[in-house]
Amino acid sequence: MTRRAPLIAITCGTNAQDAEATAAGRAQDRLNATYARAVAAAGGVPVILPNVGAAEAGLERVDGLLLSGGLDIAPELFGEETLNDTVEVDAPRDATELPLIRAAVERDVPVLAICRGIQSLNVALGGTLYQDIPAQIPSDIAHSQKEGRAVATHGIAVTPGSRLAEIVGEAMQVNSFHHQALRRIAEGLRVTATAPDGVIEAVEGTGPRFVLGLQFHPEEMTAVSEQARRLFAAFVEAARG
Ligand code: MN
């Protein structure tokens, strides 16, 4: 019996990649190439979901939802005022993504949430964020690393018995490109990995379906990390249903 390759919708940002487009006020829907390539390499069929507002109807036609990285969630969406000028938001994306996440969880669509994705997952389900790690969490770990995208710069400790531990084991070296982090965890999620300074690096759904949030970027590490490849393989497998 042949099995249909699962269709994976990937969210994207509206922040322009190039200065010329930004200066011209030209709106874009764009995504770093590594997400779709990692999905394809794991046997999924990637499609990029543009920021058109209500997108929940599309969930009936896809087998999995990948929430990609990007700019910050607007603080008012978790009941706070903006802390400082490090916070950079993407309003059209918030308007598309948050209702989409709630619908995906409600409909048991497998979700892999990366970087901004773990943050939007938590906020969509009622949690909160630290808006700026350097200002709010004393730490000697640089979560906004200067090293290359594939370079691991800090470790994470994974909760034994968790879905994440089943996939990658109880320790992993990860990259780090985030200035925000999860604070109060939404109902329906639980923390399953932390950095040595206590920053939350993974959450997962408490239910039986695949809902996995990662603060690091496995899509940037697939060439150098078997654990990163296993994360995409597990997600695509879950999307096969
Ligand atoms: Mn980190």
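Start with the second largest pocket, at a volume of about 160 Å³. Some terms. A pocket here is found on a 1 Å grid over the protein atoms alone, as an open set of points where a 1.4 Å probe fits, with protein on both sides within 12 Å along at least five of seven lines. Lining residues have an atom within 4 Å of a point. Points are joined across faces, edges and corners, and the volume is the space filled by probe spheres set on them.

Before going on: this is a predicted model, where local features need pLDDT of at least 70 and side-chain atom pairs count only at pLDDT 80 or more, while totals for chains, interfaces and linings use all residues. Residues are numbered from 1 along each chain as its sequence is written, and side-chain values use heavy atoms, with hydrogens and water left out.

Back to that pocket. Its lining includes Val105, Asp108, Leu125, Glu187 and Arg209. By class, the lining has five nonpolar, four polar and three charged residues. Nonpolar means Ala, Val, Leu, Ile, Met, Phe, Trp, Tyr, Cys and Pro; charged means Asp, Glu, Lys and Arg; the others, Gly among them, are polar.

The largest pocket has a volume of about 490 Å³. It is lined by 24 residues, and the closest to its centre are Gly69, Gly70, Leu71, Cys115 and Phe177. That lining splits into six nonpolar, 12 polar and six charged.

Stay with Cys115. It sits in the loop between β4 and α4. Helices (H or I, at least four residues) and strands (E, at least two) are DSSP runs, numbered from the N terminus. Buried or partly exposed? Cys115 counts as buried because its relative accessibility is 6%. The cut-offs: buried is under 20% relative accessible area, exposed is over 50%, partly exposed is in between, with a 1.4 Å probe and protein chains only. Cys115 is not a glycine, yet its phi is positive, about 55 degrees. Most residues other than glycine have a negative phi.

Next, helix α3, residues 91–106. Its 16 residues reach 23 Å from first C-alpha to last, close to the 22 Å expected at 1.5 Å a residue. That expected span is 1.5 Å times one less than the number of residues. Among its buried residues are Arg93, Asp94, Glu97 and Leu98. What covers the buried set includes β1 (7–11), β2 (45–49), β3 (64–67), β4 (111–114) and α4 (116–124).

Arg102 is also in α3. At 39% relative accessibility, Arg102 is partly exposed. Leaving aside residues up to four places away in sequence, Arg102 touches Ala124 and Leu125, where contact means heavy atoms within 4.5 Å. Arg102 and Ala124 are 22 residues apart in sequence but 6.3 Å apart in space, C-alpha to C-alpha.

After α3 comes Asp108, in the loop between α3 and β4. Asp108 also has a positive phi without being a glycine, about 60 degrees. Asp108 is partly exposed, at 42%.

Last, aromatics. How many aromatic pairs does a search of the whole structure find? One. Phe210 and Phe235 form a tilted pair, 5.7 Å centre to centre, with 40 degrees between the planes. Rings of Phe, Tyr and Trp (its six-membered ring) pair with centres within 6.5 Å; planes under 30 degrees apart are stacked, over 60 edge-to-face, the rest tilted. Phe210 is in the loop between β10 (200–205) and β11 (211–214), and Phe235 in helix α7 (residues 226–239). Both are buried.
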